[in-house]
Amino acid sequence: GGVARLALDGERLFLLDGQPQGGRGALHAFDLASQTVVESFSFDLPPGQRPSRFVWNAPRAAFVVAVGGRELLFLDESGSELGRSPLPRDMALQDLALDPEAQRLLAVFIERPPAGQVAGTQGRVLGFDDADGSPAGELAFGRKLHAIARNPASGRFYLPNGDASVLWRVDAALDEVEPLRLGDSLEQVLPAGDGRTLYTSSRLGGNYLAAVDAQSGAVEPFEAGTWPLPLRRAPGRGELVALNAWDSALSVFDEADLSRPRTVGLGLAPGSTDRLPDLAVSDAHGLAFAAYPEFGGVAVADLDGALPPRFLPAPEVFPLGDQGGGPGELQVAVCDEADRVYVFWRNGRVIQVYSLPELTYLIVDDLPPEVAPRTGQAQGPQTHLIFPDAAAGRLWVGPVALDLDAQPTGEVLRGAQRVFALDAARGHHWATA
């Protein structure tokens, strides 16, 4: 079989077999001194289920085994069953931890998302009596709560909250809860037009933006919505635009006063996956284009809120919901000089072209294999691959140069190079292998 979990008891190491045979699970005692298995015993499993996690309760000389995320089995040291306790069916078990002194077992769960949408789902910690599994308290946390560990010196439990940059500290009774901040994430740096200010975005743990003075080091935080990423500028309008990914809305800031944004809705349900969207802005036409892989298309919003949102669908075979390849899977770019909008499906190597401002569908084109692999992440350190260069009459998609109507030019960069940045004012582009 395969080892599913381990538990240490002095000079013994208990191993849970992850491959049950004939409807029976197995636990093995491994002696650390002799490095041999000194004892093995089996136990009955519910039909079609396999054990996933267990804890060793030394004071009671008993095991608690989680079976299929559906119930807890209480076993004595010989493997004889002492009792069973059902687990909630609307939540998925993530981890177990025991406080033998408080006689409490804590279990970490994630709520099962309805219809594949994780918006509103939470992580939960349920307490159980360690003898019979009777309920003994409950706490709700944020998303991405997957693990728990106990500090035997203090008797406190610790739970890392993935998308919050927080480590939670709780007691066995679930009465005392304290967050320990681990810092925020820097997701994007966007230069302003003054040659001095840098806009930054924090998504995990912070949900805020900041204007950083590159000369003095002064930092001015300012607020947008949930997961403010990405940021784009509309320099002709003097505006900064943040796509609040999980709000499905834009925050539009006057760069002269970052404290009073206006909110522009995209006409979409709230975002709920890690398939991060892309954003492009038409400065000339006052439009924003938010490419959402989760919803399979591009939401178009008037930055002044004067027109209702529109939606440009990706190809019918584009994967929706929580399926797909992560950031950069659906990309969008605007070329105001050519009055064009480009929508690029990276894994499918497909580009769609629309006119501005009418948004007339002009063409869909399959791209050569040099652009990107059909599956997996984009090669190289960057995920954004599409850059229009109006002055040169080129649309760069990774290493391939198309014209501004997305037709091949025959120009391809050598090796595995990809264009990752463009300075349209100077006519320069940068490429990396």
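**View 1. In the hairpin of strands E21 and E22, Gly238 takes a positive phi near 65°.** Four residues lie between the two strands of this hairpin. Strands here are DSSP runs of at least two residues, marked E and numbered from the N terminus. E21 covers residues 228–234, and E22 covers residues 239–244. The two strands pair in the antiparallel sense over five bridges; to count as a pair, two strands need at least two bridges found by DSSP. Look for Ala234, which stands opposite Glu239 in E22. E21 is mostly covered, with five of its seven residues buried (buried means under 20% relative accessible area, using a 1.4 Å probe and protein chains only).

A word about what you are looking at: this is a predicted model, in which local features need pLDDT of at least 70 and side-chain atom pairs count only at pLDDT 80 or more, while totals for chains, interfaces and linings use all residues. Residues are numbered from 1 along each chain as its sequence is written, and side-chain values use heavy atoms, with hydrogens and water left out.

**View 2. Asp278 is a buried residue in strand E25.** This strand spans residues 278–282. Asp278 counts as buried because its relative accessibility is 7%. Which side chain does Asp278 join through a polar contact of 3.0 Å? The partner is Arg232 (a polar contact is a pair of N or O atoms within 3.5 Å; within protein, one must be able to donate a hydrogen and the other to accept it, and residues adjacent in sequence count only if both atoms are side-chain atoms). A polar atom of the Asp278 side chain also lies 3.0 Å from the backbone nitrogen of Val332. Leaving aside neighbours within four places in sequence, Asp278 is in contact with several residues, including Pro230, Leu243, Phe289, Leu330 and His384 (contact means heavy atoms within 4.5 Å).

**View 3. Strand E29 has buried residues pointing both ways.** Leu330, Val332 and Val334 point one way, Gln331, Ala333 and Cys335 point the other way, and all are buried. E29 is largely enclosed by the rest of the structure, because six of its six residues are buried. Six bridges join E29 to E30, and the two run antiparallel. The bridge partner of Cys335 in E30 is Arg340. In the hairpin of E29 and E30, with four residues between the strands, Asp339 takes a positive phi near 55°.

**View 4. The largest nonpolar core has 19 residues.** A nonpolar core is a set of buried Ala, Val, Leu, Ile, Met, Phe, Trp, Tyr and Cys residues joined through side-chain atoms within 4.5 Å. Those with the most contacts inside this core are Phe289, Leu330, Val332, Val341 and Leu356. Among the elements giving two or more residues to the core are strands E26 (287–292), E29 (330–335) and E30 (340–345).

**View 5. Phe14 and Trp56 form a tilted aromatic pair.** Their ring centres are 4.7 Å apart, with 45° between the planes. Rings of Phe, Tyr and Trp (its six-membered ring) pair if their centres lie within 6.5 Å; planes under 30 degrees apart count as stacked, over 60 as edge-to-face and the rest as tilted. Phe14 lies in E2 and Trp56 in E5, so the pair ties together parts that are 42 residues apart in sequence. Phe14 is buried at 1% relative accessible area, and Trp56 is buried at 11%. Together with Phe41, Phe54 and Phe63, these two form one aromatic cluster.

Technical notes:
Buried means under 20% relative accessible area, exposed over 50%, partly exposed in between (1.4 Å probe, protein chains only).
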